[in-house]
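Keep the viewer open as you read.

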Amino acid sequence: MNEGSAAMVADGGGDALVRVRDLKMYFPVTEGVLISRVVAHVKAVDGISFDIHKGETLGLVGESGCGKTTTGRCILQLETATDGEIWFDGQELNKLSKAEMRPLRQRIQVIFQDPYSSLNPRMKIGQIIAEPMMVHGIITDRNERDARVRELLELCGLNPKFADRYPHEMSGGQRQRVGIARALAVKPEFIICDEAVSALDVSIQAQVINLLEDLRDEFGLTYLFISHDLSVVHHLCHRVAVMYLGHIVELAETEELFGNPLHPYTVGLLEAVPIPDPIVERKRAHQVIKGEIPSPINPPSGCVFHPRCPKAVDGCKINMPEFREIKPGHWVACTEV
Amino acid sequence: MRVGRGSRRERAAHGADREAVTKLLEIRDLKTQFFTSAGVVRAVDGITYDVAPGETVAVVGESGCGKSVSAMSILRLIPDPPGRIVSGSIMFDGKDLLALSEAEMRDVRGRDIGMIFQEPMTSLNPVLTIERQITETLEEHLNVSREAAREKALEMLNLVGISDPERRLKQYPHHLSGGMRQRVMIAMALACGPKLIIADEPTTALDVTIQAQILELMKELTRDLGVAMIIITHNLGVVARYADRVNVMYAGRIIESGDAVQIYHNPKHPYTLALLRSVPRMDQARGQKLRPIDGQPPDLTKLDEGCAFRPRCEFATEQCARAAPVLEETEPGHISACWEKARVGLTEAVG
């Protein structure tokens with residue numbers, strides 16, 4: 001993608017809380033035991049740009065290995081990006097020192113997928129939720145902090161008595177609520193939800209989705225909602241970006257993207273999702289995308305989707321298509337649209 | 001078979017008396033329990049259903065509802081201790097599987113009933129080549145030569161759409177992607193020409209585009225080869241797309257059963273209704289709140305005589321606490337276990 005288009009992705013106007021420009025994250029692949037040398041790079045994220053406006057929920061969808069989680073980790077500064085810019089509320093995060101980053105960490109929080117591995121099994125629920133407040137020195141008085149923990153538990157639909165329990169005493173859905181309470185403890189503005197409801201059963205998943213929506217409305221939160229589940233993304237997100245092999249191939253408002261998908265990958269992805277209605281299913285097209293996702297170590301030349309693309313022409317093998325705004329707010333990286 | 005009062009009633013409801021000849025698999029009042037230090041877990045608590053030859057039956061439910069345990073019970077793969085099939089009968093192709101010796105059962109597994117599990121990495125042997133994985137089954141069950149088995153393995157890999165099969169035969173599972181491994185599992189499951197395939201969450205670990213490939217492949221092959229399939233899944237979309245009949249399980253029991261259109265468009269059990277309402281659908285207008293099911297599934301060691309769903313049920317009455325409802329017909333081919341089933345329905349339609 002060229003620099004010119006990257007600079008223009010600030011679509012929709014409004015103030016962008018998060019601004020990502022031409023972000024690249026390459027992981028080195030090393031060989032050798034004693035003297036290790038870099039033999040290749042995994043191009044996990046290969047030049048993506050997007051904005052997230054205040055109060056907006058942006059969905060980031062794609063299949064495993066497409067770079068959606070890495071993108072989230074780069075924004076969180078858990079990875080040092082290879083190239084590109086990440087702006088949060090006017091500050092460029094990758095230029096900040098650790099000390100300068102610290103107050104910003106309070107404003108950016110994360111909810112992880114696996115509620116089993118993201119809570120310390122040796123800490124009580126109350127301690128888990130209080131820890132970020134202590135780290136950021138938010139509430140120093142112990143009694144006040146305990147009161148705040150109980151308030152957060154209630155806010156997330158848990159019994160305040162759970163503060164004295166351990167994670168293993170709770171179900172998956174309850175643990176995920178604890179993860180949300182912990183993220184909310186420091187009153188963040190922006191939360192990255194990385195597959196936050198994917199591990200949950202449908203009836204429990206619906207409870208947590210509603211909780212995320214309620215919290216968004218109540219506190220004016222901004223979410224980056226990373227998920228492979230298109231039905232959930234459709235329900236929860238205002239705009240959606242579709243990733244494939246390190247690139248954003250399409251970005252649009254949710255209704256537009258699901259109603260009028262333009263990139264062949266998006267079209268195939270949407271057709272692959274079964275809809276829970278046998279009558280609807282009988283009428284739907286089931287054009288299955290052939291082949292498998294290529295390795296990001298040695299991605300295909302030109303458009304990374306061309307080996308699987310039903311619309312590919314010779315030109316697709318040579319040039320990565322420009323990510324262009326095909327109509328207001330609808331961006332797509334495909335020459336054949 | 002135990003001819004208890006409940007089971008006779010359920011048998012009649014299933015219409016088994018009317019069409020007794022055509023069934024490939026008949027499960028009657030199956031109970032599987034786990035004897036743990038925390039108490040007796042009634043994982044499968046009296047389930048009854050049939051599978052006709054060539055039919056695809058889905059068993060759907062959330063974690064811990066007993067859907068996998070019921071499938072493992074058919075194959076008699078319940079770890080004992082702590083688990084045991086405590087009662088019921090499983091008639092498969094004229095044989096009572098629960099009466100077979102372990103050696104006889106080994107012949108059934110893999111030959112007459114193929115298996116596909118969720119995790120293709122853990123269900124393939126990591127130290128055997130793909131060729132050996134498939135030929136081992138063939139030599140064991142069909143008593144064919146190494147050479148003939150190899151030919152067959154090659155044919156199977158072609159059938160399941162693996163490119164360059166000659167090379168793949170020499171590779172090990174770790175060389176293959178998840179989707180590829182699941183194709184190998186399907187090749188193994190079909191290699192001996194089974195009459196029934198049991199697929200336990202066969203695509204849950206896969207990406208959606210690969211999931212669609214695998215499910216289309218399974219559907220095509222089972223249809224072309226006339227193989228019946230029990231597909232166990234929590235994914236209501238997968239069920240809607242691929243199943244002929246649907247059994248909905250909750251807390252170890254089948255609480256509703258019918259064909260796919262009956263279940264999705266005229267649910268007669270509050271749990272089914274609530275489940276359908278709680279899933280987001282990308283073909284519907286946005287902006288509506290999801291309607292989750294309050295509370296959580298019950299502890300299977302502490303089930304009482306009442307309906308297990310009643311603490312979460314919007315239709316519950318006093319009667320629901322007194323006795324668990326049995327499956328009764330609501331329309332031909334559609335049964336539901338609910339005292340209040342006449343009141344249950346899509347009043348403000350999902351669609």
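Strand β10 (residues 247–253) of chain A has 6 of its 7 residues buried, so it is largely enclosed by the rest of the structure. Buried here means that 20 or more other C-beta atoms, placed from the backbone, lie within 10 Å of a residue's own. Strands are DSSP runs of E with at least two residues, helices are runs of H or I with at least four, and both are numbered from the N terminus.

This is a predicted model, where local features need pLDDT of at least 70 and side-chain atom pairs count only at pLDDT 80 or more, while totals for chains, interfaces and linings use all residues. Residues are numbered from 1 along each chain as its sequence is written, and chains are lettered from A and ligands numbered from 1 in the order in which they are written.

Who sits beside β10(A)? Strand β9 (residues 239–244) of chain A pairs with β10(A) in the antiparallel sense over 6 bridges; pairing takes at least two DSSP bridges. A:Y244 stands opposite A:H247, and the hairpin leaves 2 residues between the strands, with A:L245 in the turn at a positive phi of about 50°. Strand β12 (residues 330–332) of chain A also pairs antiparallel with β10(A), over 2 bridges, and there A:L251 stands opposite A:W331.

Now hop to chain B. Among the residues that meet between helix α6 (residues 146–159) and helix α8 (residues 178–191) are B:M156 and B:L190, contact meaning C-beta atoms, placed from the backbone, within 7 Å.

Notes
Axes are lines fitted to C-alpha atoms, for helices over the stretch in contact, and angles run from 0 to 180 degrees between N-to-C directions. Two residues are in contact if their C-beta atoms, placed from the backbone, lie within 7 Å. A residue is buried if 20 or more other C-beta atoms lie within 10 Å of its own, exposed if 12 or fewer, and partly exposed in between; C-beta atoms are placed from the backbone.
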